Amino acid sequence: MLSSKAPAMFKLLRSSRRLNQSSSTIQHPLNQWVGQSQDRHTTIRRPFASSLASQVAKSKPLANVRKQLWEFYFSTGRGANALFEAIDLDENGFVEPVELKAFMIEVLKDPDGVEIDPTEIMPYAWNRLEQQEAAGQQYDMKAFKKWLIAATKMSADTKNSRIMAYLAQHPQQGEQYISDAEEEENYTWNEETMSQSLRRMQYAVRGEVVMKADQLAAQGRDILYTNIGNPHQVGQAPITYFRQTLALCDLPAEYGVDHPNVNDLFPRDVVKRAREYREIIGPSGTGAYTHSQGILGLRKHVAEFIQNRDGYKSYPGNIFLTNGASTAISMVLQGLLASNKDAIMIPIPQYPIYSALISKLGGRQVGYELDESLNWAVTREELDKRLAKAKKEDLDVKALAMINPGNPSGNVMTHEDIQVILEFCDENGIVVLADEVYQTNVYAETAQFVSAKKVALDCQLRDLQLVSFHSTSKGLIGECGRRGGYMELHHIDPYVQSQLYKLASADLCSGVVGQVMTSLMLRPPEPSDESYALFDKEMTGIYNGLKERSKKLVEGLNTIPGITCVPAEGAMYAFPSVEIPQKAIEAAKEQGTTPDNLYALSLLEETGICVVPASGFGQKKGRVGFRTTFLHPDTLKAIDLFAKHHAKFVEQYSD
């Protein structure tokens, strides 16, 4: 769908002359420019009767059209064909590297016409372009689209060709159909005709380093996975109380809550809670669809939790139970991003779900940098500067995402830290997306979780529009596979909420077990209950383990020359900064990847430790690092391996 603020180029193209008779299969010239000019198998050039230059000369300068085409592609991933046409003015079906370089220098100028160095924006794609020029090779449409993907991805960590190889080799993928045709298959749905937004979408947490780790594990290598917050995968045991209650909710009554010996098999408070849930769910049980926002009784539990936590009223009608926080975030972003000029402010570093979804949905990212020297806080000056720059680029900032406690940074925001962000958003009419899935994971004695909603109401920001997210995947329970979570809408337009309900309805409802799990997370057993002693023992053990590892991991990393790490006050991650030789940076550039990715792959090969390159989260220019969890019990044993690898890596790339 085109933006309501349709660029001038589309108005121009709508009035352009008809195509040659030879291209009569295309009904409207606009189709060609927004990426629809393909036959069923591959892209075919169908040039206008006269050149692009002669058409635009009568109305708009060519540079303006090119700029608008680039911005449209940059935000939506659509219009690659149009970009190709805008560069290939001699219509020979090829783009010379020198033409592409001139084009990029032209379209990357800032609003004042000042040239921006492309090597600062797209260093790895630009390096590939220079290599293509040195080899005397041209770009056809297919190669051009591949280069565009590289030029507009958030980082160069993961190449799509490597994903194909990964899927072909991974032992858990399962057998796939493979054509036995002697000639190459001619698929109509292929890398050129598919969604280009999907091609350039990235999710670093499951990127190239993880793929390589899986391949090594399949070959028999011992791999220490510290790449993802997936507690049960690395040995954390489930909480008995939760699993017992879920089991009785799922079991047919005669084998569960109504069995004559049920109280011999389950604690009495578990049986009582399961009966309560079964009544709330109704006679259809956990196998039936529910209300699209989630079961009302369970949403009441969420509202009670929020009200008790914050001291302010919460309403079940403003709660959506969702398949984890990620689904809720996706729903809200779909409702926010209405045009290719719409933007979301995201923290740098950020959790990659934001950049991935914004890219997929055709929006623009406006990064605001968290200050590592200020325990990853953000200043008002930084927020104002980024917003002013976005406005200068004619972007409409619709929302701002904040993550507290931080992922990947591990910081816990103070009341004052949150107030800075909320007042900025309130003054500028920006919706706040408060990602609070780690609110239970606070380890520093001086830190305390405070919700964005509480700060907003404490500060009497009555006009602030806020959506908050929580999940069963994190905290101390780590029930990632249950896919439970919720979002609360605070001071959101009722019409918008009705449309979000419509969006939820399209997916019918979230998983019922996840809905129950969300309620259980927020309503643990009481101290007087039979189950409480075991529950408290299990939860305390998990918390103390995380707290100890968070402290000792950071301390251990900080003893390694060349590695520094801000204390992990909360969440599940450490985010160290790494000093590496210039020779390593140059080697990464030659390989078309980032220094972080080069370092992380080397760490994996040398030690079997799987981390996530910091570039996948975004970071300050010139910084190199990685994210590691401290979930695995063996994490602390790995500190010596981190040290040995770093020394070897530095030696390898020293002059």
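Contact here means heavy atoms within 4.5 Å, and angles run from 0 to 180 degrees between N-to-C directions. The model is a predicted one.

Q: Across which strands does helix α20 lie, and at about what angle does α20 run to β5?
A: Helix α20 covers residues 415-428. The strands it lies across are β3 (342-348), β4, β5 and β6. Relative to β5, α20 runs at about 165°.

Q: In the sheet of seven strands, which strands stand at the edges?
A: The strand order in this open sheet is β2-β8-β7-β6-β5-β3-β4, with mixed pairing. A strand with a single partner has one side left without a neighbour in the sheet, so the edges are held by β2 (319-322) and β4 (364-369).

Q: Which residue in β6 stands opposite A401?
A: Strand β5 (residues 396-403) pairs with strand β6 (residues 431-435) in the parallel sense, over five bridges. In β6, the residue opposite A401 is L433.

Q: What angle does the direction of helix α16 make with that of β2?
A: Helix α16 (residues 296-310) packs on the seven-stranded sheet. There α16 touches β2, β7 (466-471) and β8 (485-490). Its direction and that of β2 make an angle of about 115°.

Q: Which residue in β14 is the bridge partner of Y573?
A: Another open sheet has three strands in the order β10-β14-β13, with antiparallel pairing. Two bridges join β10 to β14 (residues 626-629). The bridge partner of Y573 in β14 is T629.

Note on methods: Residues numbered from 1 in each chain as written. Predicted model: local features only at pLDDT ≥ 70, side-chain atom pairs only at ≥ 80, totals over all residues. Heavy atoms only, no water. Pairing = 2+ DSSP bridges. Helix = DSSP H or I, 4+ residues; strand = E, 2+ residues; numbered from the N terminus.
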